[in-house]
Amino acid sequence: MSEMEEKVTEEQVHYPYAVVIRFRGEGKPYSFGAYDDDYHKGDWVVVETQQGQEMGEVQSDAMKTELVCVHMPNKPVLRKATRRDMDDYHSNMVAEKRAFAICNDNIRELGLDMRLLSASYTLDRSKVLFVYVADQRVDFRELLKRLGSSLHCRIELRQIGERDKAKMFGGIGTCGMECCCSRFKSHFDVISINMAKNQLLALNTEKLSGMCGKLKCCLKYEDDQYKEAIEGLPKMNSQVEYEGEIYRVTSINIMSSEAKLQNPDSVVFISLDDLKNKTISRKGVTMKPKNPEEGGRKHIKKTTVLTNREDPKKANHVSYDLEAPSPAEPKKEVRTFSSRKPKGEQMDKKQNSERKPNPSKDRSRNTGNNRRRPEPKPTGNVTVRTFGKKKKEETK
């Protein structure tokens, strides 16, 4: 009989009862078929699996397959465990430790980049299964030869990932409870970073990762509810119009059903229903403050010059004030340096300010620049204007 005919014949077998069994080191229970209901919770039974004969513990009483919507079991329960089966089961546990040590020594001698996790025998000890983790594919042909000559049975090496490793060993999660994968999960869901974004969680890899280094499985549990809650709402940091003003959505709290809108002038807290129904999305709109004096105006530096001095020989006092002069102070002249003011007005104001003459400095400049040029005859006070600056020369 071919393999296809055996598979069809096996699928056509109908068992009136289903028995849920859990194996040692496995978190997922499996269902097997039985012809009677003489199986109760806590019993140890021998079943036929794809690996061979194995012994497991019954998790619940036998149930009728017609009343319970379970997958039709394909493998049968062979018998209840006898005294001999229990002895073989315990002796296999001791033999597994020896096989684990032998395999680990050979891995070290061959220098293979793999980490051995467990070794398990079938009940009849016709096959041993080694489970390991590795970053890359490992060539273990030489290892199989050594193990076959030492253990004298069929050898199977199975590589698993980090999530399966965490499920096998278990542990305590950040919530304080046992890991979901080792406690009740039977299969791994596809987890993406979009699930954390839907729940408005901080994208911190350390907090979102579990013991396996992957994203936590619990991100999947409430993902559908969060998707339904935020459906139709504006995205974070988007601009919306609410009651005639432009705001930016800075916070959305699903648990309190509240959203925070903010602009340069005010902060508004509204419900999610108002955010969904009473706001209008506005893209490319610039938010401006109500007061134009606070809106990014460039600061103008003001220079104050005293003009009502009594002694003309004293030097001008120049102060840099950023505030307007008070009425109690003496009269001041305020000049604002800006590119809009005409140059002629600036030159006239500079010419009106008096400067103390320095004859020695002027004489040194004239003798240095005009050595061959004859000195001009004294004709009284001479005023020379050069680029808006006023110079006086007194001749004796």
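Leaving aside neighbours within four places in sequence, which residues is Tyr121 in contact with? Contact here means heavy atoms within 4.5 Å, and the list for Tyr121 runs to Asn92, Ala95, Glu96, Ala99, Lys127, Val128, Leu151 and Cys153. Tyr121 also has a charge sitting over its ring: Arg125 lies over the face, at 5.7 Å from the ring centre. For that label, NZ of Lys or CZ of Arg has to be within 6 Å of the ring centre and within 35 degrees of the ring normal.

A word on the ground rules. The model is predicted, so local features need pLDDT of at least 70 and side-chain atom pairs count only at pLDDT 80 or more, while totals for chains, interfaces and linings use all residues. Residues are numbered from 1 along each chain as its sequence is written, and side-chain values use heavy atoms, with hydrogens and water left out.

Tyr121 turns up again in the largest nonpolar core, which has 20 residues. A nonpolar core is a set of buried Ala, Val, Leu, Ile, Met, Phe, Trp, Tyr and Cys residues joined through side-chain atoms within 4.5 Å. Buried means under 20% relative accessible area, exposed means over 50%, and partly exposed is in between (1.4 Å probe, protein chains only). Among the residues with the most contacts inside this core are Ile107, Met114, Tyr121 and Phe130. Helix H2 (83-110), E7, E8 and helix H3 (141-151) each give two or more residues to it, and H2 brings the largest share, five residues. Helices (H or I, at least four residues) and strands (E, at least two) are DSSP runs, numbered from the N terminus. A second, separate core of 13 residues includes Tyr242, Tyr247, Ile252 and Leu275.

Helix H4 (residues 162-169) has its own buried set: Arg163, Lys165, Ala166 and Lys167. These pack against strand E7 (115-121), strand E8 (127-133) and helix H5 (180-183). Just after H4 comes Gly170, with a positive phi of about 75°.

Now for the rings. Two rings of Phe, Tyr or Trp (its six-membered ring) pair if their centres lie within 6.5 Å; planes under 30 degrees apart are stacked, over 60 edge-to-face, and the rest tilted. That rule gives five aromatic pairs. In one of them, Phe23 and Tyr30 have ring centres 6.0 Å apart and planes at 50°, so the pair is tilted. Phe23 is buried because its relative accessibility is 11%, whereas Tyr30, at 33%, is partly exposed. Trp44 and Tyr89 make another tilted pair, 5.6 Å centre to centre with 50° between the planes. This pair ties together distant parts of the chain, as Trp44 in strand E3 and Tyr89 in helix H2 are 45 residues apart. Trp44 is partly exposed at 30%, and Tyr89 is buried at 12%. Phe23, Tyr30 and Phe32 form one aromatic cluster.

Strand E3 (residues 44-48) also holds Glu48. Glu48 counts as partly exposed because its relative accessibility is 26%. Setting aside neighbours within four places in sequence, Glu48 touches Phe32, Gln53, Lys75, Pro76 and Leu78.

Further along, five strands form an open antiparallel sheet in the order E13-E12-E11-E10-E14. Strands pair if DSSP finds at least two bridges between them; E10 (residues 239-242) and E11 (residues 245-253) have four.
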